[in-house]
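Visitor: Hi, can you walk me through this one? I'd like to ask a few quick things as we go.

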Amino acid sequence: MENTVAHSNTKIFWLLWVTMVFLLCLIFSIGDAQAKSSKDFFYKEMVINVPISDVDRVITDYSNYYKYFHHMEVSRVLKTNGDNSSDCYFEIEVFGRTFWAKVRLDRTYVSPNHIIVKETTYDTNLKELNGQWELTKIDDQNTLVVIHGSAKPYMLLPDSFLKNLLDKEVSAAVRRINRLLTQ
Amino acid sequence: MSDQRMTTSVERVFKKLPDGLIREITISYIHFLNAAGDIIRSKLDKSIPGRLFKRATENERSQYGEVMYLFPDEEVPVRLIALGMDYQDGKYGRSL
């Protein structure tokens, strides 16, 4: 009799275990599907009420990025390659871990009214990192600022969670830049 | 097997944003037809955010696109010009 009860309990335990693993796999796969449907992990656009040259000055002041990005602990310019290209080092602390990246930031003047600052990673302990600033002149006193890209650590995290976290981080950074420029 | 027929249509609209800019939105519909070919029901399939536009001043032009558009709450069509952006379908306007 006892053996039958014990056997039944073991079966229930394994059934619950398999169900839990299945549900976890389902949650993770949904997160991945959501992330793959969009090309970027973070995206923010904002109109800042200052001329494009002022926004350009702040966006390309890479050594002060730690002031705008909440989780960024270190931002340093390692080398400048002419007027429009810089090699930088960024360090971010999140989930109790330090993530770092050495990146090249290239500024391109598509036209006098349209500037792109593109980031290319050449050394990092992240799985993936890329991003781009885009400044578009609306008129003499208004500039559209767009930042988008993706970042992924070597950690088992649902993409939807990561996406949400990065979206919040860049949104806060753009708001800080807006405050700095408009006050 | 159902003999219900379907067709699709696409509508291009512009939505005013709080910051004064205008977002282009492409809306796809699925229409269900009866045997005579009349639409009996329509369903919104998807809406895709597109480029950002602004109201053009008199001599202002854009190489990225222009359009005349009549907003439902206005009486006269206005000329909208696209902002220069590194546009890729589906990338922009996630915050819409």
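Visitor: What pLDDT does chain B average?
Guide: Chain B averages 86, where pLDDT is the predictor's confidence in each residue, from 0 to 100. In chain B, 86% of the residues score at least 70. This is a predicted model, with local features needing pLDDT of at least 70, side-chain atom pairs counting only at 80 or more, and totals for chains, interfaces and linings using all residues. Residues are numbered from 1 along each chain as written, with chains lettered from A and ligands numbered from 1 in written order.

Visitor: And what ipTM does the complex get?
Guide: The predictor gives an ipTM of 0.73 and a pTM of 0.75.

Visitor: Switching to Gly84(B): buried or exposed?
Guide: Gly84(B) is buried, with 20 other C-beta atoms within 10 Å. Buried means 20 or more such atoms within 10 Å, exposed 12 or fewer, partly exposed in between, with C-beta atoms placed from the backbone.

Visitor: Which residues is Gly84(B) in contact with?
Guide: Leaving aside neighbours within four places in sequence, Gly84(B) contacts Val110(A), Ser111(A), Asn113(A), His114(A), Thr136(A) and Tyr64(B). Contact means C-beta atoms, placed from the backbone, within 7 Å.

Visitor: Now chain A: which strand does strand 1 pair with?
Guide: Strand 1 of chain A pairs with strand 7 (residues 142-152) of chain A, antiparallel, over 7 bridges; pairing takes at least two DSSP bridges. Strands are DSSP E runs of at least two residues, helices H or I runs of at least four, numbered from the N terminus.

How values were computed: Contact = placed C-beta atoms within 7 Å.
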